[in-house]
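This report looks at aromatic side chains, charged side chains and a few local details of one protein model. Please have the sequence and the structure at hand while reading.

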Amino acid sequence: MKLKSIDEFYNEITDFDSAEQISLLPDGIQKEIGHFNVFNIKDLYETFNEKPVMPYDRRAYYKISLIKGKNRAEYADKVINVEKHALLFATPKIPYHYVPQDLQQQSGHFCVFTPEFFTKDKSGIDLETLPIFQPEGFPIFEISEEEAEAIELIFKKIHDEIVSDYTYKYDLIRNYVSELIHFGQKLQPATALYSKHNSAARVASLFAELLERQFPVESPRQRLELRTPKDYADRLSVHVNHLNKVLKENTGKTTTELISRRLIYEAKILLKETDWNISEIAYSLGFEELAHFSNFFKKQTTLTPMSFRDK
């Protein structure tokens, strides 16, 4: 799964309308190294008919959100239910899935920024070392009405500043973003929000989604990013033994068996439906050597790749 870029973020919001994208870009940002922007959630949905559903993806940018409304965030093996207000921190390190439960009651604010915008020499903060952005950290906090009001004031300052003509406005905005980060880090993890029941089913579901996202293979130059059980476990931020255990419990098959079954399915399609040579197919499916692919295919099907193609 490749990281979703900031350009893809704008494409999704505006349905690839370049004029609308330009209207969203803040003044003076082209003079900066990196990117920053801030949005009012309700206005964004109403103006651009944005569907407030975020697919399970990694993004090449950071995002801090003040969420108002009933929502559910699915994060690795955790299900986080939000009843009223929450502060969410998203990092390029961790994919997650976010599903509003009441589309008519969604409001709040969020800002997006690239790592280049918030480098240590500009902000005094090293994002890579902050606990709140670590894979094992808590990415979302349920907050009170008073805390939500305090965070909204910070976002209001950011909204006001980004449209100002102040020469050093992005330096000031970095300070406001730092304030949001520290606000989050001072909060105690709302562990009661994390559903423990059925967490194994969530891991199995997210694994299946990650596996399927790699397909179809559309070019002999395309190469699978995830090939081994450890690749998937690392992406889901769980131990490989835990991943194997929950998949076995939920599907009756091991991680290796599930990966192999999907690889064989794709290999059969490529052998029958394309004119790629077998070396190209082997490469696209992540095999370093043609012999490894041939042995794998024969073990799974009792046929060599060439025999299957000619059958």
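Which residue just after α1 takes a positive phi? In this predicted model, that residue is aspartate 15, whose phi is about 55 degrees.

**Aromatic pairs**

The count of aromatic pairs comes to 20. One of them joins phenylalanine 89 and phenylalanine 133, and because their ring planes stand at 75 degrees, over the 60 degrees required, the pair is classed as edge-to-face, with the ring centres 6.0 Å apart. This pair links distant parts of the chain, since phenylalanine 89 belongs to strand β6 (residues 85-90), while phenylalanine 133 lies in the loop between α4 (120-123) and β9 (140-142), 44 residues apart. Both phenylalanine 89 and phenylalanine 133 are buried. Tyrosine 166 and tyrosine 168 form another edge-to-face pair, and the values for the two pairs are set out below.

| Aromatic pair | Centre to centre | Angle between planes |
|---|---|---|
| Phe89 and Phe133 | 6.0 Å | 75 degrees |
| Tyr166 and Tyr168 | 5.9 Å | 70 degrees |

Tyrosine 166 has a relative accessible area of 43%, which lies between 20% and 50%, so this residue counts as partly exposed. Phe89 and Phe133 also belong to one aromatic cluster, together with Phe36, Tyr62, Phe113, Phe117, Phe118, Phe141 and Tyr170.

**Charged side chains and rings**

A member of that cluster, phenylalanine 117, has arginine 174 lying over its face, at 4.3 Å from the ring centre. Elsewhere, the charged end of arginine 223 sits over the ring of tyrosine 283, at 4.3 Å from the centre of that ring.

**Two residues of helix α5**

Is glutamate 161 buried or exposed, and which side chain of opposite charge is nearest? Glutamate 161, found in helix α5 (residues 145-162), is buried yet has no salt bridge, and the nearest side chain of opposite charge, that of lysine 169, is 7.1 Å away. Leaving aside residues up to four places away in sequence, glutamate 161 touches Tyr166, Lys169, Leu172, Ile173 and Tyr176.

Lysine 156 is also found in helix α5, and because its relative accessibility is 46%, it counts as partly exposed. The C-alpha atom of lysine 156 is separated by 9.8 Å from that of valine 38, although the two residues are 118 residues apart along the chain.

Key:
Residues numbered from 1 in each chain as written. Predicted model: local features only at pLDDT ≥ 70, side-chain atom pairs only at ≥ 80, totals over all residues. Heavy atoms only, no water. Phe/Tyr/Trp six-rings, centres within 6.5 Å; stacked < 30°, edge-to-face > 60°. Helix = DSSP H or I, 4+ residues; strand = E, 2+ residues; numbered from the N terminus. Buried < 20%, exposed > 50% of the residue type's maximum accessible area, 1.4 Å probe, protein only. Lys NZ or Arg CZ within 6 Å of the ring centre and 35° of its normal. Lys, Arg positive; Asp, Glu negative; His and termini not counted. Salt bridge = Lys/Arg side-chain N within 4 Å of Asp/Glu carboxyl O. Contact = heavy atoms within 4.5 Å.
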